[in-house]
Amino acid sequence: MKGLAFAALISPLAALAADVTPLVAGDLNSTLSALDSSVLDFNFISFGNAYFLQEDCPGYPSYDRSDGVPCWQSKCGVDSPPEGCFSGELACQHGDDECAGNAAETCVKHLKPDFKDYMSFAYCYEASFPPSADDISGCAEAIGLTTSDIDACTSDTSLMASLQQTEGYATAQQGIPGTPTVILNGESMSSTRLMLRQVCKAFATLNPSAKSPAGCSSSMKQLRGSVLASSSAI
Ligand SMILES: *[C@@H]1O[C@H](CO)[C@@H](O)[C@H](O)[C@H]1NC(C)=O
């Protein structure tokens, strides 16, 4: 049985500007709650539209969403990225707070690699933006961590550099047009509505003779729910 490669490239703190929180709390939550790692090879990348500023890219030394981001992606998303692609100043679209939030989520994923754990943290962390110190500590405790565990990771410069290189490289390689982007088996999902159903269908296509995962039976209810919702809107 093959697991599905499933990745969400999201900068959660871009939530204020985009529809990221509804995705994390909605379709992504129901998909990840229904299925587990025997079915899904899931990776959540908290990097958003950030990049490492490049002297030879437009906008330098400032962040440039329209030209700097794609310049860094095409320069650095290659098989052997040139020196300096994933070091130096990391600039986030919405500034340092966004970078700090992404760093916290990346560290939690490093400390608790099971997606059920680290996505529960992301769900909780993003529920009350900006999270207070108490919120963060509650979200951490719920998955068996403390705020100091997270701080020890985010303040470890060489660990952070390596984690951010991994997340940045995955982002550059995908050449994502923006955030959120959700990739299912190598294809960017054009709509994340009824995500569980789409994921279950993809699983069935990939594993024609496997039994349908238990969590997939609720995807039929999800479909019925949506038909009901649209008929009540008429
Ligand atoms: C999904 O949502 C529930 C609340 O309804 C939350 O407790 C849980 O941590 C979330 N899980 C994930 C993986 O997002």
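Trainee: At what angle do α2 and helix α9 pack, and how far apart are their axes?

Mentor: This is a predicted model, in which local features need pLDDT of at least 70 and side-chain atom pairs count only at pLDDT 80 or more, while totals for chains, interfaces and linings use all residues. Residues are numbered from 1 along each chain as its sequence is written.

The axes of α2 and helix α9 (residues 195–206) lie 8 Å apart, and the two helices pack at an angle of about 45°. Helices here are DSSP runs of H or I with at least four residues, strands are runs of E with at least two, and both are numbered from the N terminus. The axes are lines fitted to C-alpha atoms over the stretch in contact, and angles run from 0 to 180 degrees between N-to-C directions. Angles under 35 degrees count as roughly parallel, over 145 as roughly antiparallel, 65 to 115 as roughly perpendicular and the rest as oblique. The pair α2 and α9 is therefore oblique.

From α2, the residues Asp-27, Leu-28, Ser-30, Thr-31 and Ala-34 meet Met-195, Leu-196 and Val-199 of α9. Two residues are in contact if their C-beta atoms, placed from the backbone, lie within 7 Å. By class, this contact has five nonpolar, two polar and one charged residues. Ala, Val, Leu, Ile, Met, Phe, Trp, Tyr, Cys and Pro count as nonpolar, Asp, Glu, Lys and Arg as charged, and the others, Gly among them, as polar.

Val-199 also belongs to the largest nonpolar core, which has 47 residues, and is one of those with the most contacts inside it. Such a core is a set of buried Ala, Val, Leu, Ile, Met, Phe, Trp, Tyr and Cys residues joined through C-beta atoms within 7 Å; buried means that 20 or more other C-beta atoms lie within 10 Å of a residue's own. The element that gives the most to this core is α5, with six residues.

Both α2 and α5 also give two or more residues to the shell around the ligand. That shell consists of Asn-29, Leu-32, Ser-33, Lys-116, Met-119, Ser-120 and Tyr-123, each with its C-beta atom, placed from the backbone, within 6 Å of the ligand. With four residues, α5 gives the most to the shell.

Key
Buried ≥ 20, exposed ≤ 12 C-beta atoms within 10 Å, placed from the backbone.
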